[in-house]
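Hello,

Here is the structure for you to look through. My notes on it follow below.

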Amino acid sequence: MFVSLFSWLRSGIHELTHTIRAMAHRVQEQLVLVVELLILLAICPKAIFGKLGCHSRPSDVPPPDGNGYCLSWRLAVEANNMRAWRTVPPQCQRHVESYMTGGQYYQDIDLIIKQVTAYADGITMSGDGMDAWVLDIDDTCISNMLYYKGKRYGCDPFDAAGFKAWATRAECPAIPAVLGLFQKLVDGGFKVILLTGRDQETLGGATASNLLTQGFDGYERLIMRTQAYKGQSAITFKSDIRRQLVEEGYRIWGNIGDQWSDLQGQFVGNRTFKIPNPMYFVP
């Protein structure tokens with residue numbers, strides 16, 4: 001009996017010893033991996049963490065289209081620090097598309113229009129019918145987003161013939177917040193003047209029809225580019241038109257556009273407001 005018990009104990013001790021040795025070997029392997037990882041981290045930390053902070057999650061990693069750069073690029077565009085750019089950077093197509101279609105674009109416009117409304121509500125009207133606002137048309141009153149969807153949201157170069165064909169269809173939808181502001185200004189007694197760089201000869205009828213069907217009714221005047229201004233920059237053309245309006249006696253209380261060229265030059269008005277547009281640049 002004692003012999004059997006001794007044999008059983010010896011066998012158990014042998015198995016336990018084998019198990020302990022195996023565990024020690026695995027621990028040793030893990031320690032080696034830890035040491036190698038620490039050495040690699042000391043030599044080249046970016047190989048392990050890249051640009052992530054200690055508490056970053058995998059979802060915080062910038063997408064491969066360079067979203068961080070594209071945010072900075074769009075900010076530079078809206079601040080007018082980025083000028084005379086011809087197309088949206090290819091790596092920023094997804095970013096611009098997401099901005100334009102994901103809801104942020106319209107949220108930004110809503111916030112801007114609230115500021116415009118607060119300013120307009122504080123204006124004391126003269127009562128002589130000469131208190132005026134100037135509004136741009138394309139991507140200020142009506143949207144060309146559907147057209148630019150086919151142009152990869154501005155990644156493709158501007159196509160004058162293609163845009164003319166699109167505008168002739170007179171299907172640009174109203175930008176809701178701006179339409180609401182327009183109606184408020186008209187109802188409040190302001191003379192709203194729509195000023196656009198569109199060609200009057202070829203797009204006059206289509207533009208007037210498009211505006212009417214989208215609810216832009218009751219404006220004081222629709223002014224388009226004529227042959228006399230052909231080849232002139234938007235700043236020169238619009239400055240001259242605003243000069244004429246002021247000489248006629250209009251007081252331009254506000255000026256709204258999606259391009260900086262809508263808001264620069266002379267006789268810009270008492271206050272200017274810019275609608276965001278990262279899809280194209282008009283000098």
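Buried means under 20% relative accessible area, exposed means over 50%, and partly exposed is in between (1.4 Å probe, protein chains only). The model is predicted: local features need pLDDT of at least 70, side-chain atom pairs count only at pLDDT 80 or more, and totals for chains, interfaces and linings use all residues. Residues are numbered from 1 along each chain as its sequence is written, and side-chain values use heavy atoms, with hydrogens and water left out.

Salt bridges

There are 13 salt bridges in the structure, each being a side-chain nitrogen of Lys or Arg within 4 Å of a carboxyl oxygen of Asp or Glu. One of them joins glutamate 171 to arginine 169, with the closest N and O atoms 2.8 Å apart. Glutamate 171 is partly exposed at 43% relative accessibility, and arginine 169 is partly exposed at 48%. Salt bridges with shared partners also link Asp128, Asp131 and Arg251 into one network.

Aspartate 131 is buried, at 2% relative accessible area, while arginine 251 is partly exposed, at 31%.

Aspartate 136 forms a salt bridge with lysine 238, the closest N and O atoms being 3.0 Å apart. Aspartate 136 is buried at 7% relative accessibility, and lysine 238 is buried at 3%.

Regards
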